[in-house]
Amino acid sequence: MEVKRLFDVLYYQKENHPQEVALATMKDGVWWKLSTDELIDLSNKMSHGLLKAGIKKGDKVAVVTSANRSEWNICDQGIGQIGAINVPLYPTISTADYEYILNHAEAKICIVSDAKLFDKVKNLKEKVPTLRAIYTFDNVEGADNYNEILKAGTGGDVSQIKAISDTIDPNDLATLIYTSGTTGIPKGVMLSHHNIVSNVLTVRAELPIQASHTSLSFLPLCHIFERMVIYTYLHAGANVYYTDIDTLKDKLGSVRPHFFTTVPRLLEKVYEGIVNKGMSLTGFKKKLFFWALDMADKYDYDQKPSLTFKIADKLIFSKWREALGGRIMGIVTGSAACPLKMARVFSAAGIPIREGYGLTETSPVLTFNRFVEGGAMLGTVGMPIKDVEIKIAEDGEILAKGPNIMMGYYKEPEKTKEVLTDDGWFSTGDVGTFVTNNAGNKFLKITDRKKELLKTSGGKYVAPAPIESKFRENFFIEQIMVVGESKRFVSALIVPAFPMLEQYAKENNIAFTSREELIVNPKVIAKYQSIVDELNPNFSHIEQIKKFKLLKSEWTPETGELTPTMKIKRKVINERYSKEIEAIYND
């Protein structure tokens, strides 16, 4: 069959690659596994149950889950095949955000995963006139359970669902995804079935994943990146195992995935863990570890292994692969810039890292590095995918055109016109350029966010992202934000990687009783000054960090400094740490 709508993907799997384990979620220590047929059956029950609840074509149903789980897909499929619109929401946003989005989308039903999320939304029926009911996946006291929808839909006539799904055009609205945004009110991105399906089919053709391969999923399903990837897995007939960040380490060993997607921050934490283990070694073993690490740090894609490299692989890198399950064929990273060191070192170790690029508005993939020889280039986000055009505007902004470009922003025609031309060119807001590899292929290189360029008081523009990315490669730096707007010089707020810093303090007899005490210690300040001095020569004089301030607390989505997709909210951090920033420039 031909896949034209999102809900076609599951029926394509049934016809071409029926699986005993289409999806699996851990429940009470046991994997709850759903076959292709079971997933379709539950999805049909969901569709019938929603119809009985009065949901009709075009109605909005919001779904929020704290962790990836199969119920999300049951809802997604059940909502989509009756022509209703799935409005996936982040679990980390505030009650005020939920109120705004549910009102803006005019949601009829909201389904949340657990008690914590139910507490956030349980009183919103009084504030959202269209909201008829709130359900939960877990059994929560005082809440209606989503199993009631399934129960109501049991025994329904499948032909009724098919009659509705047959009326759904590929260009119909499939989902409303509210951008997390680093500033301003969330915008509802309208994506059609065709937008996302075009991305799924194109990406599927480029990934080294086949039927019955195993994939692991832990990035939020409310984000278009992971959601599109799940459709791709289902289309390929891969077995999808859901987990969360907290239990990821254990699941890697037991699930032994062939493939997963991630964000750079997780790769950085895995890398830090590997290096910390290396630091704890002694004697010859420690020398051997860092000899191999140094070799990996000089690696380039498609490099032919030398004899010494093969020795390093057998003695060191094979253990890294085993820690990830021993079967990894590929990892794609997105959402934020991947430090060059991460892609280089992991790929050298036989754990192929490939960076991609896209936005919610582009469904999401515009470019990504391939897994074939000559198809990847370090330091870039890859080549454009099939049917997508990329061009660079006169001011350096990346413009994109293709079947995956959004329909527009929901109820926001003026904001749509700001980024989308009548002939289909979308303004990404990112600045970039094309570079060529040895094979003659052109790759896109992101240099910064157009709106995030700093302008010093001397009128010089500085791109923070490349500086931040380079500094995050250092083991002692957890997070960093470059500051300097309208200032005489560039500075930085730095969140130390405290496990590394505390180990350093112990090894150098630096006494401390708290993080506050540690970050003001003169020896610690001197350590970070040496890091700044070491890395500054990578940048022009105007881009170099002249001063810095160490901070005691990590930035998170929960505390508001990061978006749900782990992007820095520069405005929030600038406001929250205004005193620290002023102190930098007043000292």
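Student: Which residue forms a salt bridge with Lys 269, and how far apart are the closest N and O atoms?

Tutor: A salt bridge is a side-chain nitrogen of Lys or Arg within 4 Å of a carboxyl oxygen of Asp or Glu. In this predicted model, where local features need pLDDT of at least 70, side-chain atom pairs count only at pLDDT 80 or more, whereas totals for chains, interfaces and linings use all residues. Side-chain values use heavy atoms, with hydrogens and water left out, and residues are numbered from 1 along each chain as its sequence is written. Here the partner of Lys 269 is Glu 478, with the closest N and O atoms 2.7 Å apart. The pair links distant parts of the chain, Lys 269 in helix H11 and Glu 478 in strand E24 (residues 477–483), 209 residues apart; helices (H or I, at least four residues) and strands (E, at least two) are DSSP runs, numbered from the N terminus.

Student: Is Glu 478 buried or exposed?

Tutor: Buried means under 20% relative accessible area, exposed over 50%, and partly exposed in between (1.4 Å probe, protein chains only). Glu 478 is buried, with a relative accessible area of 5%, while Lys 269 is partly exposed at 38%.

Student: Where do Arg 69 and Asp 138 lie?

Tutor: The side chains of Arg 69 and Asp 138 meet in a salt bridge of 2.9 Å, N to O. Arg 69 lies in the loop between strand E3 (60–64) and helix H3 (70–80), and Asp 138 in the loop between strand E6 (133–136) and strand E7 (144–145), so the pair ties together parts that are 69 residues apart in sequence. Arg 69 is buried, with a relative accessible area of 13%, and Asp 138 is partly exposed at 29%.
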